[in-house]
Amino acid sequence: MDFLSNYDLLGAFWVTVQLTFWSAIGALVWGIVLAGMRVSPVWLMRAFATAYVTVVRNTPLTLLVVAASLGLYQTLGVSLTTDTTTSAIDITNFRLSVLAFILYTGTFVSEAVRSGINTVPVGQAEASRALGLGFMQTLTIVVLPQALRSVVAPLASVLIALTKNTTIASAIGVAEAAVLMKTMIENEGQAGSLVFVVFAIGFVILTLPVGLVLGWLSQKVAVKR
Amino acid sequence: MSGAPSVLYDAPGPKAKVRNTIYSVVFLAVLAAVAWYVFTALSDKGQLTAKMWTPFTDGSTWTQYLIPGLGTTLMAAVLAIVIALPVGAVFGIARLSEHVWIRVPAGVLVELFRAIPVLMLMLFSNFFYVWYTDIDSDIRPLFAVVTGLVLYNGSVLAEVFRAGIASLPKGQSEASYALGLRKTQTMLTILLPQAVTVMLPAIVSQLVVIVKDTAIGSTILSFADLLSNYRILSANYGNTIPTLIVIGLIYVVVNWVVTRLAALLEQRMSRRGRSSAPPVNPSAVTVTALPGADPL
């Protein structure tokens, strides 16, 4: 176990946590916007959101991450940072992978939220329309708050999947857990199994509490019908 | 969303129609602005010139790179599902066992392999094959990718099997016990055949996940799949963006076909009514399952 102290294990997992955190917030916002578009009365928005979800869901995340780096950054020169020091490339790759995770995970959030909207009884929307609320008011004041409460459990699954998916940022060299694991396995030879166990435990520690806490929360906030 | 208007809004009257038209125009303007920005950005960098796209009208690009790459991707996906199915069935059934010493270890293994990123499973499999086997280095990436996918999807499928078997009415097994069948016989001749029918759509849609996940191997293990062609093609023609777009579209089409297949299968199953339980919905399995499950 001695060799473990030669590596910045906590630092690597900290990058994983940061990737997950920013991507989760972005994906939640983007996913709710997409879900809103998919149920909106405007035909064009529905069509756009449906097409977007179909295309992005069926694209490998690895391809999106690679495209963000090779296409967006190296070819088009979109760098997402004004930093010019030597760490600029690291910041850029971090932000590019967060962008790819948001674009990808947003589709799954949108599907979850849409299924949550379907759980809200028709009468509620009818009642709010009878009160004279418009579509945006009905959606944001009456339907979405209830819908979000009923989709905590599926969103927890999405969040856990996102946590694991952040390892794909290794494709463009973001120094998160998977990159360190690759390095360590290559350096430590026969002790590689031990390295694997350490990282496996790391991910169990990251994902298990999220699942348990959000599972408990989903029962607590669920609208009893 | 087509057909009947949503419950969230009324059938539009004259005012709402005008408003919706305005929203449509504004949204179209936003889309057009984004499209224009992307277009100018691409053309500034010369990504839209004919030179960038002509490689894809050339038959040899497809026969030499894209189609063999797609073949490798699909081979890995099919191998993974063919191996993961029996593995998943065994673990799914083991989790339902009434013996604690079978149920608990099976449960721990399933939950563990669902908690570990596929990429790490692939990395570890690769390491394992390097150190403990003499598999040729040409074929090793395929072995590592398939092993990683089997470990992960086997545990996901175990949950699908478990949900499928659990969704059958209790009377099924009670009746077979009443007829004097043993537990194994009940499982193999009564429960499993019905569960498989119920689960088929879920299993087919798991294929989409596997097809997408094969792409992980191309960056980390230099697995020569469809995605890995972007390196060769963009090195030859300097057309990174067109290549990524074309490869992305191939994935989308393949996965879209698989998704349609799953939906068709589901319709067929429900029409034939071969089983007494509703089809297992993969996302529903996720909701009821323990943490670590995911539809991604």
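In chain B, 74% of the contacts between residues at least 6 apart in sequence join residues at least 24 apart. Contact here means heavy atoms within 4.5 Å. The model is predicted: local features need pLDDT of at least 70, side-chain atom pairs count only at pLDDT 80 or more, and totals for chains, interfaces and linings use all residues. Residues are numbered from 1 along each chain as its sequence is written, chains are lettered from A and ligands numbered from 1 in the order in which they are written, and side-chain values use heavy atoms, with hydrogens and water left out.

Stay with chain B. Its secondary structure comprises 11 helices and zero strands. Helices (H or I, at least four residues) and strands (E, at least two) are DSSP runs, numbered from the N terminus. Read from the N terminus, the order is α-α-α-α-α-α-α-α-α-α-α. Chain B has 296 residues, and 47% of them count as buried. Buried means under 20% relative accessible area, exposed means over 50%, and partly exposed lies in between (1.4 Å probe, protein chains only). The chain exposes about 14,600 Å², with 68% supplied by carbon and sulfur atoms. Such areas come from the Shrake-Rupley method with a 1.4 Å probe; for residues, only the protein chains shown count as cover.

Part of that surface is a nonpolar patch. B:V18, B:I22, B:V26, B:V30, B:V34, B:Y37 and B:V38 form it, with about 640 Å² of accessible area together. Patches are made of residues with over 30% relative accessible area and no salt bridge; like charges are joined within 9 Å, nonpolar side chains (Val, Leu, Ile, Met, Phe, Trp, Tyr) within 5 Å. Take B:V38 from this group. Helix α1 of chain B (residues 14-44) holds B:V38. B:V38 has a relative accessible area of 39%, so it is partly exposed.

Now turn to the charged side chains. Side chains of opposite charge can pair when their charged atoms come close. A salt bridge is counted when a side-chain nitrogen of Lys or Arg is within 4 Å of a carboxyl oxygen of Asp or Glu. The count is 10 salt bridges over all chains.

Which residues of chain B are linked in a network of salt bridges? They are B:R95, B:E111, B:R114, B:E159 and B:R162. B:E159 has a salt bridge with B:R95, their closest N and O atoms 2.6 Å apart. This pair links distant parts of the chain: B:E159 sits in helix α6 (residues 140-166) and B:R95 in helix α3 (residues 59-95), 64 residues apart. Both B:E159 and B:R95 are buried. For B:E159 the relative accessible area is 3%, which is why this residue counts as buried.

B:E159 also forms a salt bridge with B:R162, the closest N and O atoms 3.0 Å apart. B:R162 is partly exposed, because its relative accessible area is 24%.

B:S222 has a phi near 40°, a positive value in a residue other than glycine. B:S222 falls in the loop between α8 (183-220) and α9 (229-237). Is B:S222 buried or exposed? B:S222 is exposed, with a relative accessible area of 56%.

Move on to chain A. It contains nine helices and zero strands, in the order α-α-α-α-α-α-α-α-α from the N terminus. Its C-alpha atoms fill a box of roughly 70 × 45 × 30 Å along the principal axes. Of its 225 residues, 52% count as buried. Among contacts between residues at least 6 apart in sequence, 78% join residues at least 24 apart. Chain A exposes about 9,700 Å², and carbon and sulfur atoms supply 67% of it.

A:V174 gives a local view of such contacts. A:V174 lies in the loop between α7 (152-165) and α8 (177-188) of chain A. Its relative accessibility is 5%, so A:V174 counts as buried. Leaving aside residues up to four places away in sequence, A:V174 touches A:V15, A:L19, A:N93, A:F94, A:S97, A:A169 and A:V179. A:F94 is 80 residues from A:V174 in sequence, yet the two are 6.0 Å apart in space, C-alpha to C-alpha.

Helix α8 of chain A carries a charged pair. The side chains of A:K182 and A:E186 meet in a salt bridge (3.7 Å, N to O). These residues are separated by about one helical turn, because they are four residues apart in helix α8. A:K182 counts as partly exposed at 28% relative accessibility, whereas A:E186 counts as exposed at 56%.
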